[in-house]
Amino acid sequence: MVLGKGVLVKNKHKEDMQLEEYKMKLIDKNRLREVVELQQYVYENLPNKEVLYIDSYEDMLGDLENGAKIIGVLNSKDRLIAYRYISFPREEKRNLGYDINLPEEDLKKVVHLETTVVDPLYRGNGLQLVTLEKAKEIAKQEGYKHFMCTVSPYNFYSLYNVMRGGLKIKALKKKYGTKPDNSDGLWRFILHNDLDKKYYNPVDLVLSKWANLEMQKSLIDQGYIGYEIIKDTKELSYIKVDEAYA
Ligand SMILES: CC(C)(COP(=O)(O)OP(=O)(O)OC[C@H]1O[C@@H](n2cnc3c(N)ncnc32)[C@H](O)[C@@H]1OP(=O)(O)O)[C@@H](O)C(=O)NCCC(=O)NCCS
């Protein structure tokens, strides 16, 4: 089933840029190899490998069999050029709801926005955001409402897109380590969007430079949430809201 279609600019910043039609479809396990290959290709081309936590074929397969979904973007030749992987962790320990103290009964309504990758030839078409909007539509129809993800503080493009998609920063901590306290893990923002929440009620607002992690950590510890990124100045606005969890 086609979830959406449109036209992309391929090679946007090169002289040989061209328009190309794309289709968005759910990818089933028969095409999982293509997903893993695209992930590997994108990973190999990353200047900072810390920003992408790689999912294995086996983990993704197990997850797909458990209801996870992969929204794929296919070019005019039916080649996979981007995907967004979403999963539904329910009571599993990995549920990011635990990191922000979501009430127990809400954990089953959590959607994880796992990996998104876009082939470098097709970047600049907003595919990260397009697939995020589609993921929201699908998950909402199925009764989920808490959208959560982790983003590396060093991944400005991804952080910008995810926050444009409505997710707010609720925590900054190390994740994906081998030790129980993740002290050997990677720094990650934890972002959250409750689809039922239409507005926040700020009692204070502070700006922080994007790269100033210490200041952001301290603001989060004081109960602020990261609200918006200002692209031009690379600043983040942090607001304080007077609620138990926001
Ligand atoms: C993050 C990512 C998915 C964004 O791709 P996208 O949706 O095509 O990005 P956008 O359309 O929002 O790009 C906006 C602008 O930033 C640029 N841009 C996007 N990603 C970039 C990158 N990794 N490096 C340099 N520039 C990048 C685009 O070229 C575009 O520039 P323009 O406005 O001058 O044309 C993509 O960069 C990527 O696959 N990164 C590696 C994997 C990753 O980090 N995934 C997210 C964590 S799971």
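Let me start with Y200, which is buried at a relative accessible area of 11%, where buried means under 20% relative accessible area, exposed means over 50% and partly exposed lies in between, calculated with a 1.4 Å probe on protein chains only. What we are looking at is a predicted model, in which local features need pLDDT of at least 70 and side-chain atom pairs count only at pLDDT 80 or more, while totals for chains, interfaces and linings use all residues. Residues are numbered from 1 along each chain as its sequence is written, and side-chain values use heavy atoms, with hydrogens and water left out.

The structure holds six aromatic pairs, and the rule is that rings of Phe, Tyr and Trp (its six-membered ring) pair if their centres lie within 6.5 Å, with planes under 30 degrees apart counted as stacked, over 60 as edge-to-face and the rest as tilted. One of them joins Y200 to Y227 in an edge-to-face arrangement, with 5.9 Å from centre to centre and 80° between the planes. Because Y200 lies in the loop between strand 8 (186-194) and strand 9 (202-209), whereas Y227 lies in strand 10 (residues 224-230), this pair ties together parts that are 27 residues apart in sequence.

Y227 is partly exposed, with a relative accessible area of 27%, and K168 lies over the face of its ring, at 4.1 Å from the ring centre. A charge sits over a ring if NZ of Lys or CZ of Arg is within 6 Å of the ring centre and within 35 degrees of the ring normal. R33 also lies over a ring face, that of Y57, at 3.7 Å from the ring centre. Elsewhere, ring pairs link F156, Y157, Y160 and W210 into a cluster.

Now to the charged pairs. Side chains of opposite charge can pair when their charged atoms come close. A search of the whole structure finds 14 salt bridges, a salt bridge being a side-chain nitrogen of Lys or Arg within 4 Å of a carboxyl oxygen of Asp or Glu. One of them is formed by K29 and E65, whose closest N and O atoms are 3.4 Å apart. K29 lies in the loop between strand 2 (18-26) and helix 1 (32-44), and E65 in helix 2 (residues 57-65), so this pair ties together parts that are 36 residues apart in sequence. K29 is partly exposed at 44% relative accessible area, while E65 is exposed at 54%.

D78 forms a salt bridge with R31, with 3.2 Å between the closest N and O atoms. That pair links distant parts of the chain, with D78 in the loop between strand 3 (69-74) and strand 4 (80-87) and R31 in the loop between strand 2 and helix 1, 47 residues apart. D78 is partly exposed, at a relative accessible area of 38%.

How far apart along helix 3 are K134 and E137? They are three residues apart in helix 3 (residues 127-141), which means that about one helical turn separates them, and their side chains meet in a salt bridge of 3.1 Å, N to O. K134 is buried at 13% relative accessible area, whereas E137 counts as partly exposed at 42%. Salt bridges that share partners also join D63, E92, R94 and E114 into one network.

L113 has its place in strand 5 (residues 110-118) and is buried, with a relative accessible area of 5%.

N11, in the loop between strand 1 (2-10) and strand 2, has a positive phi of about 60° although it is not a glycine, and it is buried at 11% relative accessible area. N182, found in the loop between strand 7 (168-175) and strand 8, has a positive phi near 60° and is likewise a residue other than glycine, and at 18% relative accessibility N182 counts as buried.

How values were computed:
Helices (H or I, at least four residues) and strands (E, at least two) are DSSP runs, numbered from the N terminus.
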